[in-house]
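These are my notebook entries on a structure that I examined element by element. Each entry records what I looked up and what I found.

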Amino acid sequence: MHRSRAIRNIRLGIKNLMLHKLRSMLTVLGVVFGVGSVIAMLAVGEGASREALEQIRKLGSNNIILSALKPVEDEQTSGRTAFMSMYGLLYEDEQRIRQTMPAVVRAVPVKHVRKEGRLGERALELRVMGTTADWFAVVNRPVLAGRKLTQSDLDGQAAVCVLTEYGTRRLLATEHTIGQSLRIGGDYYEVIGIVQSEQSSGSIQTPDQEVDAYIPLNVAQARYGDISMRRSAGSQEMEMVELHMILVQVRSSDEVEPTADAIQSMLKRFHKKEDYRISVPLALLRQAEATKRTFNIVLGSIAGISLLVGGIGIMNIMLASVTERTREIGIRRAIGAKQRQIIGQFLIETIVLSTVGGLIGIAIGMMIPWLVTRLAGMPTIVPAYGIVLSLCISVGVGIVFGLYPAVRAAKMDPIVALRHE
Amino acid sequence: MAAPAADASRPAAQEELIVLQDVHKIYQMGTAQVKALAGVSLSVRRGGFWAIMGPSGSGKSTMLNLLGCLDRPTRGRYVLNRHDVSTLSDDGLSEIRLREIGFVFQSFNLIPQLTVQENIELPLYYQGWAAARSAERAEELAAMVGLGDRSGHRPTELSGGEQQRVAVARSLANDPSVLLADEPTGNLDSATGQQIMELFAELNRRGKTIVLVTHEPHIAGYAGHRLHMRDGRVDRIEAEA
Ligand SMILES: Nc1ncnc2c1ncn2[C@@H]1O[C@H](COP(=O)(O)OP(=O)(O)OP(=O)(O)O)[C@@H](O)[C@H]1O
Ligand SMILES: [Mg+2]
């Protein structure tokens, strides 16, 4: 019985609102925009953090990536005076990091060189990565066939290589290729395994690339040395780089940033030039969170202002409605309605009004993220809790801004209300 | 011309339904005081039919509003059906109105958004009746006032006399112990007014206590008691022999 009364009250509320359809719709616009902004805000924020988490998953939240960087002054002077530019990370850097920093679990040195890989008739420009077995512990990609590099490959300076799935495909190799010889530059390597390649997407740069071929670091040192020659626009250029990359894995994510700072100051001490770069995937997450925060402030303000304006609009209309219906209130009171029943009647009306606005707002709010994704390419996700939250906000606006008019209606002197024309 | 008064003919009717003892109603208008009622004492027995008469501003409506528990006396005591209502809270007064009182107004006062049936059901709604039972009762009441076929209509689709009959039906829905009417025929032509008065007379014959306010002697003629007011006091009471 109680439920049927509630339904009756809601139906009566709708009936009264339908008497002034246009007025009701206009009144509710503020709530529509407010709720729309809330949904859009949550969807963009949720999308951004989901993307950041995805990046972290690819890069590893406990990792720090050091890479060699050709200093700007070398770049400028290279053609004229410098015979050979020396830059990048040093073998000693890797040792120092591994030996002096207790938070570091692994440090993976990488030396790479671009060479053409040949398998029968097929050729592919490879990035030959001289590294250690730990590479595969830090950049953890599934093994599709064969095996990864091991310590014994390094100990025995074995001429072996691990290809990526992409490289395998481009070279028309299959799992039967394992055990066969791949020619890289002028040397032959036994293919021992195939790992999945991670596609770099958008702003995010993974340490591995699709065109990688992994070989033992000492083999790379022995065969290619530290000096490479680059021909560009008629001039020859010599470069000496010991290591192109060092991947550092830290014990826990709390220690990532202090460790990165420690590495930074250590490298500063041993490098005269700024010939390296430190990137911290965790910082990307921080950055994503900062972006999300900015977005939340902007959209949150829009939402707040819209809801406030919408709420005041609702209050205004309800006050007008209370005045218009003064006599009805008097009649109900004379018949025996208690003050709280009058409050309930008007409150239900405002709640119906603001909830309808909220539902429209949710519909619009779900289209905005869709448009953002379509037009700006930003990932968005409308979270289920956002819809629940929006509905709660709508009802809340109805209650907060409906209460004053409802109480005013209820507090009217029934005799005065009955005399009202 | 007047319908015979039926009160005092049954033993149960001896009971006093309304007792006013030295009731005052004073309105504060800035610094000035308006004494709308200045010491009214009165008792109305169950089954009585009273007409309150008197010049404009003599306090008739004020008295009826007090009787109807829309207001509290400034001073004095009011007992309705053995409830002392002089000091009740707003909720308490609402409850008494809901259970004990039926109102009929000069300007009908039906709610325009609601149908005839919904208007009649209003007191039952606030009493918490189940929808089906209350619809059934509204149907009976509509039939009783001769509007059984108009249940689904809006008040604006009815004539004044019909609207007032709906208002009478509504006032009876809670089976009140007293029916109060402030100039119920004031907005009707005399023939229609007579029809409404016949309805009241019939209700009184069936035992309903009625108090109404009127200016018109021939309307007052239907009542068993005529109470004349002057300056917020009872001037004199005429009773049917
Ligand atoms: N709310 C109020 N505030 C101040 N004065 C009031 C109020 N209500 C009534 N009065 C005054 O009380 C007196 C009695 O008013 P009341 O309405 O009872 O007269 P009435 O007999 O019904 O008159 P009428 O025949 O014109 O309807 C009048 O002087 C009126 O001005
Ligand atoms: Mg009056």
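**Entry 1: Val248(A)**

I began with Val248(A), which sits in strand 12 of chain A. Here helices (H or I, at least four residues) and strands (E, at least two) are DSSP runs, numbered from the N terminus. The model is predicted, so I note that local features need pLDDT of at least 70, that side-chain atom pairs count only at pLDDT 80 or more, and that totals for chains, interfaces and linings use all residues. Residues are numbered from 1 along each chain as its sequence is written, chains are lettered from A and ligands numbered from 1 in the order in which they are written, and side-chain values use heavy atoms, with hydrogens and water left out.

Is Val248(A) buried or exposed? Val248(A) is buried, its relative accessible area being 0%. I take buried as under 20% relative accessible area, exposed as over 50% and partly exposed as in between (1.4 Å probe, protein chains only). Among the residues that Val248(A) touches, leaving out those up to four places away in sequence, are Ile64(A), Leu66(A), Ile97(A), Val104(A) and Ile263(A); contact means heavy atoms within 4.5 Å. I also looked up Val280(A), 32 residues from Val248(A) along the chain, and the two C-alpha atoms are separated by 10.0 Å.

**Entry 2: helix 9 of chain A**

I next turned to helix 9 of chain A, residues 256-270, whose 15 residues should span 21 Å at 1.5 Å a residue; the end C-alpha atoms are 21 Å apart, which agrees. The expected span is 1.5 Å times one less than the number of residues. Which residues of helix 9 of chain A are buried? They are Val256(A), Thr259(A), Ala260(A), Ile263(A), Met266(A) and Leu267(A). Seen down the helix axis, these buried residues fall within an arc of 130°, so they line one face of helix 9 of chain A. The arc is that of the directions from the helix axis to the C-beta atoms. I recall that an α-helix has 3.6 residues a turn, so residues three or four places apart point the same way.

Turned away from the buried side of helix 9 of chain A is a face that carries the exposed residues Asp261(A), Lys268(A) and Arg269(A). The partners against which the buried residues of this helix pack include strand 1 (63-68), helix 4 (91-100), strand 12 (245-250) and helix 10 (281-324) of chain A.

**Entry 3: His271(A)**

I followed the chain into the loop between helix 9 and strand 13 of chain A, where His271(A) lies. His271(A) is buried, at a relative accessible area of 7%. Its side chain and that of Asp93(A) are joined by a polar contact of 2.7 Å. I use polar contact for a pair of N or O atoms within 3.5 Å; within protein, one must be able to donate a hydrogen and the other to accept it, and residues adjacent in sequence count only if both atoms are side-chain atoms.

**Entry 4: positive phi**

I looked for positive phi in residues other than glycine and noted Gln157(A), with phi near 45°. Gln157(A) is in the loop between helix 6 (151-155) and strand 6 (160-164) of chain A, and at 46% relative accessibility it counts as partly exposed. In chain B, phi of Asp175(B) is near 45°. Asp175(B) belongs to the loop between helix 5 (160-172) and strand 7 (178-182) of chain B and, at 53% relative accessibility, counts as exposed.

**Entry 5: helix 5 of chain B**

Helix 5 of chain B has 13 residues and reaches 19 Å from its first C-alpha to its last, close to the 18 Å expected. Eleven of the 13 residues are buried, so helix 5 of chain B is largely enclosed by the rest of the structure. Its cover includes helix 11 (326-335) of chain A as well as helix 3 (116-127) and helix 4 (131-144) of chain B.

**Entry 6: ligand 1**

Of the 14 residues around ligand 1, Ser56(B), Gly57(B), Lys60(B), Ser61(B) and Thr62(B) come nearest; a residue is near if one of its heavy atoms lies within 4 Å. A backbone N or O atom of Gly57(B) is 2.8 Å from an oxygen atom of ligand 1. For His215(B), a side-chain N or O atom is 3.4 Å from a ligand 1 oxygen atom. Helix 1 of chain B gives the most to the shell around ligand 1, with three residues.
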